[in-house]
Amino acid sequence: MTIDLKTVKHISKLARISLEEKKAEKLADDMNSIFEFIEKLNELKTENIEPLTSIAETTLRFREDKITSDNIREKILKNSPEKNDDFFVVPKVVE
Amino acid sequence: MTEITSLSLFELIKNIKEKKISSNEAAKSFVDRSEKSKKLNAYVTENFENCLQLSKEFDNKPNFDLKLPGIPIAVKDLFCTNEVRTTAGSNILNNFVPSYESTVTQNIWNEGGILLGKLNCDEFAMGSSNETSFFGNVQNPIAKDLVPGGSSGGSSSALAANLTPVTIGTDTGGSIRQPASFTGTVGLKPTYGSCSRYGIVAFASSLDQAGPMSKDVKDCSILLEVISSFDKKDSTSIDFKRNNYSSELTRNIKGIKIGIPKEYRVDGMPDEIENLWKKGIEYAKDCGAEIIDISLPHTSYALPTYYIVAPAEASSNLARYDGVKYGLRSSGETLIDMYEKTRSDGFGEEVKRRIMIGTYVLSSGYYDAYYLKAQKVRQLIKQDFDQAYNKVDAILTPSTPSSAFKIGEKSNDPVSMYLNDIFTVPVNLAGLPGISIPAGTDKNNYPLGLQIIGKPFDEQTVLNIAYSMEEKINYKNNIIDWWME
C-alpha cells in the first residue's frame, strides 16, 4: 500500500493542519516508510483476539456532578489569544 | 566536604534534617550551577528567584517530617505548574500559563519540594533525542554534541549534570528509561495507573506514565514514594496499596526468579549491548537471583503496534490545540483557516507526522485494519508477559539497542529513530513497571543501561533487584564539566 499526495492532503484537511506542497511530498515519503514498518502486523492472525482497549482493568468511576474549582474565570481568560469581556473571540462563523 | 550539588537526594535530605545544610544553601548551589550550565539548554523556564525565596521561607519555618524537606527540584516541562509557564516543548504552548497544578508535582510540593524550573523535552514528548523541542537541542553532559535521549532529555541532562538532585519525567514508550540509559542515571516507569496523569500534557493516554529519575536507586525509591498516589482526578488512576518503597528497599533478593527473554536478542544488536546483558545476568546471579530463559514471542510486533496506538491517541489528544482558548493563534480569514494555520505554525515536523499517522489510522475505512488490529496485537503482547510471570518475578533486558548518538545523526530518518525504543515500548503496551539502571559503558565511554521489568504494581521487587545489582555493578559517571561557564 502506498499513501499518495492526494491522500496526504485529505488527511491534513481532516487533521486541520495546512501543508505546503513541498512539505506534503516529504510527509508522504515519511508516512510510506512508517507504514511499511507497520505492515508487519499483517503477519499475525488476530480474528479471535479481544482488543485491549484499556490496560487498567477497572470500570470508570462515577462522581457527583458538582463544581469543585474556585472562580477561575480571569485566570482562564488570561491565556486566550483574543477575548472580548468574558468571551473568547474567533473569526466570524455566521454570515 | 563534597559539593552540595553532587550529593544524592538521600544525603541531601539527611544533611538538611541534621541542619548541616539549609534549604536556601541547597537552592543557591543548584541555582548557581544551573546558571553556569546554560550551554546544556536543559531549562525551558527558570524558577530560580522563586525557588530561592521559598527556600528561605522553608528555613524560617522548617518541617523536617516531610519527605523532601526544602529540596529544590526541576521537573519536565510536560507537568502543568500553577502560575508557571508550561510549554510541553511546543511553540503552540509557548505562552501557556496553567491555572492548576498536576497531581504529581503537587505531591512533591506537599512533601516540601521546591520548584527550581521546567526542563526541556521533545515536543509533546514525541521523540527519543530531545531534538524535536521547539526550544532547541539539549546537550548530554557525558560528551559534547551527544543527545541526552528523549523525550525527557532536559530532565536526564540536568540530573546527570547535577543541576537538580532528582527529577521527574514521563514515559509513553521509553521517555524516562532511554534518557536515563543515555546519561548514566536511573529512571523508573511505574505501573500504568500508579502516578496520576492529571495535569500532565497528554500524549497517548493509554500509555503515558510519570516517573522518578535519579542518580541512584535509593533516591528513585524516595521520589516514587512521594509521587505515586491514587487520584480521583485521573479516571485511570488505580487504588492499590502502595509500598513504603524507600523503607522497604532491600538488597536481599535471594531466590528471586529473573527471566531472560530470547526475543530481545535482536538482529544487528551491537556486541557491547549483548556483552552488557551477559554481564548483567552474572551480576543478578551474584545477588542470589535465579536466572530462567523465557519467551515473549510477540516482541517484534511491539514497535509497529506502538506506532499505531500512540499516534492515534495523540491525534485525538492534540485536537484541542485550536488557537481559541489558549496557546498560539495564527490569523486566518475563516475559523477553519485559523485552525489550519495555527496548527501548521504551532506544531513541529514530528508532531505533525504523528498527528497525520494517527488521523489516517482512525479515518473512515481504515480503523479496523490499523487501530483495531493494533489493539488486538497489544493484547497478545500483554499475554506474553502474563504467561512469563507465571514462571518469573521479573525480567532483565538491555534498556536500549545502542548508547547515545550524535545530535543530527538520526533526525532525518523517523523509523531509525523509533528503533531506539525497541526494548522499552513493550513495557508501556503491557502497562508494567520498568527501571533503567546504568550498567557499563561502550567503547567511547558512553553509558549503557540495563532494564528490569516487573509484575504490575510490583515496583518494590523491581527496585530491590535494581538496588542489589547497582551495588555489584558499582557504576560511576565520569563527567568533566566541559559546558560550565
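Tutor: A residue is buried if 20 or more other C-beta atoms, placed from the backbone, lie within 10 Å of its own, exposed if 12 or fewer, and partly exposed in between. This is a predicted model: local features need pLDDT of at least 70, side-chain atom pairs count only at pLDDT 80 or more, and totals for chains, interfaces and linings use all residues. Residues are numbered from 1 along each chain as its sequence is written, while chains are lettered from A and ligands numbered from 1 in the order in which they are written.

Student: What percentage of the 485 residues of chain B counts as buried?

Tutor: The buried part of chain B is 63%.

Student: Which residues of α3(B) are buried?

Tutor: C51(B), L54(B), S55(B) and F58(B). They cover an arc (of directions from the helix axis to the C-beta atoms) of only 105°, which puts them on the same side of α3(B). On the other side, E49(B) and N60(B) are exposed.

Student: How many residues are in contact between chains A and B?

Tutor: Contact means C-beta atoms, placed from the backbone, within 7 Å. Here 42 residues of chain A touch 53 of chain B. α2(A) gives the most to chain A's side, with seven residues.

Key
Helices (H or I, at least four residues) and strands (E, at least two) are DSSP runs, numbered from the N terminus. Two residues are in contact if their C-beta atoms, placed from the backbone, lie within 7 Å.
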